[in-house]
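The sequence and the structure come next, followed by the notes.

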Amino acid sequence: MEGILQKLSEIEDAANRILDRTAEQKAKLTEEMRVRTENFDKDQEEKKQKRILEIQESLQGQREETLKELQVSTEKQMQQLKSLYEERHQELADILVSRILEE
């Protein structure tokens, strides 16, 4: 009988050691996963911020290019209007005067 109790005690001690090691491994794995998750989140945040910056720079470049195109187009139109005025201002003035005098 003493041998059976001794054997049961040994089995219980072994089971307790297994449970303790399992709890330690679980805690270790939990901490490892927390660190991995934290590193992953940090890495993703850095990638996101980098991508946002790239997009902002791209949009800024597009905006500046569009603005330059508009400035060139506006300047061209202004030059055309100025040329038209210089070529035809006397004719336009004569038309205006004649219309005013007709009324």
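**Salt bridges and a nonpolar patch**

Arg36 is exposed, because its relative accessibility is 51% and the class of exposed residues begins over 50%, with buried meaning under 20% and partly exposed in between (1.4 Å probe, protein chains only). The model is predicted: local features need pLDDT of at least 70 and side-chain atom pairs count only at pLDDT 80 or more, while totals for chains, interfaces and linings use all residues. Residues are numbered from 1 along each chain as its sequence is written, and side-chain values use heavy atoms, with hydrogens and water left out.

**Salt bridges**

- The structure contains eight salt bridges, each defined as a side-chain nitrogen of Lys or Arg within 4 Å of a carboxyl oxygen of Asp or Glu.
- Arg36 pairs with Glu32 in one of these, at 3.6 Å from N to O.
- Arg36 and Glu32 sit four residues apart in helix 1 (residues 2–102), so about one helical turn separates them; helices (H or I, at least four residues) and strands (E, at least two) are DSSP runs, numbered from the N terminus.
- Glu32, at 35% relative accessibility, is partly exposed.
- Glu45 and Lys48 form another salt bridge, with an N to O distance of 3.1 Å.
- Both Glu45 and Lys48 belong to helix 1, where they are three residues apart, about one turn of the helix.
- Glu45 has a relative accessible area of 36% and is partly exposed; Lys48, with 42%, is partly exposed too.
- In the salt bridge between Arg88 and Glu91, the closest N and O atoms are 3.1 Å apart.
- Arg88 and Glu91 are three residues apart in helix 1, so they are separated by about one helical turn.
- Arg88 is partly exposed at 33% relative accessible area, and Glu91 is partly exposed at 40%.
- Glu31, Arg34 and Glu38 are joined in a network of salt bridges.

**Nonpolar surface patch**

- Met1, Ile4, Leu5, Leu8 and Ile11 make a nonpolar surface patch of about 570 Å².
- Patches consist of residues with over 30% relative accessible area and no salt bridge; like charges are joined within 9 Å, and nonpolar side chains (Val, Leu, Ile, Met, Phe, Trp, Tyr) within 5 Å.
- Accessible areas come from the Shrake-Rupley method with a 1.4 Å probe, and for residues only the protein chains shown count as cover.
- Met1 is placed in the segment before helix 1.
- Met1 counts as exposed, with 75% relative accessibility.
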